[in-house]
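Please have the sequence and the model open before you as I proceed.

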Amino acid sequence: MTRKYTLKRRAEQQAETRRRIVEAAIDLHGSVGPAATTFSLVAERAGVQRHTLYAHFPDERSLLQACSSTHIETHPLPSPEPWRVVADPGERMRIALLAIYEWYGRNESVVASVLRDAEHHPPTREAVEMSIGPYFATCQGVLGEGLGGSQRALLRVALSFFTWRTLVREAGLQPVEAVNAMVQAVQGVG
């Protein structure tokens, strides 16, 4: 009986160590970005030795994948499924963009750092493509139904974090105003 308890406790301790490592890495990704997040920084922030970190995550890709899935799990992207039943395409886009823009607002520091680093850091690009690539492809499909080529291109712009940041953070629009501007832009292109 003692052996099972010891194994269970050890497994719980390992899970807790893994959680601390992932949380430390996510914090660093939001501040310095994934490209500048070294295993030494993660180990220090998590309060573990580097060999312990490597025991849980043998390479940068495995750590990035764990961080992506943990962040999406704890801060889920809005589900596109309810949008499918909205008959009016403009209203469907308005509802979807507002939900996505609100998510961007809540997750700005991590998203900004990760997307910035994805431009030049292949492991980050790979993690982004695997974690949110399929989501945005689904959004493009749900919201792009019935749109022409130019409209689909503008929809892609509307879904972009960088568009949200430009309109809301830089231009000072409220999220609803930014959404309305993008819906008008998409619908106005022929």
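The model is predicted: local features need pLDDT of at least 70, side-chain atom pairs count only at pLDDT 80 or more, and totals for chains, interfaces and linings use all residues. Residues are numbered from 1 along each chain as its sequence is written, and side-chain values use heavy atoms, with hydrogens and water left out.

Let me begin with helix α5 (residues 89-106) and helix α10 (residues 161-170), which pack at an angle of about 80 degrees with their axes 10 Å apart. Helices here are DSSP runs of H or I, at least four residues, numbered from the N terminus. Axes are lines fitted to C-alpha atoms over the stretch in contact, and angles run from 0 to 180 degrees between N-to-C directions. The two helices, α5 and α10, are therefore roughly perpendicular, a term for angles of 65 to 115 degrees. On α5 the contact (heavy atoms within 4.5 Å) involves Tyr 101, Tyr 104 and Gly 105, and on α10 it involves Phe 161, Thr 163, Trp 164 and Arg 169.

Next, helix α8 (residues 133-144) and helix α9 (residues 149-159) have axes that come within 10 Å and cross at roughly 130 degrees. From α8 the contact takes Phe 136, Cys 139, Gln 140, Leu 143 and Gly 144, while α9 supplies Arg 152, Leu 155, Arg 156 and Leu 159.

I turn now to the aromatic residues. How many aromatic pairs does the structure hold? There are eight aromatic pairs, a pair being rings of Phe, Tyr and Trp (its six-membered ring) with centres within 6.5 Å. Tyr 101 and Tyr 104 form a stacked pair, 6.3 Å centre to centre with 25 degrees between the planes; stacked means planes under 30 degrees apart. Both tyrosines, Tyr 101 and Tyr 104, lie in α5, three residues apart, about one turn of the helix. Tyr 101 is buried at 1% relative accessible area, and Tyr 104 is buried at 3%, where buried means under 20% (1.4 Å probe, protein chains only). One aromatic cluster comprises Tyr 101, Trp 103, Tyr 104, Phe 161, Phe 162 and Trp 164.

Lastly, Thr 17 is found in helix α1 (residues 2-31). Thr 17 is buried, at 15% relative accessibility. Leaving aside residues up to four places away in sequence, Thr 17 touches Val 48, Thr 52 and His 56.

Technical notes. Angles under 35 degrees count as roughly parallel, over 145 as roughly antiparallel, 65 to 115 as roughly perpendicular and the rest as oblique. Rings of Phe, Tyr and Trp (its six-membered ring) pair if their centres lie within 6.5 Å; planes under 30 degrees apart count as stacked, over 60 as edge-to-face and the rest as tilted. Buried means under 20% relative accessible area, exposed over 50%, partly exposed in between (1.4 Å probe, protein chains only).
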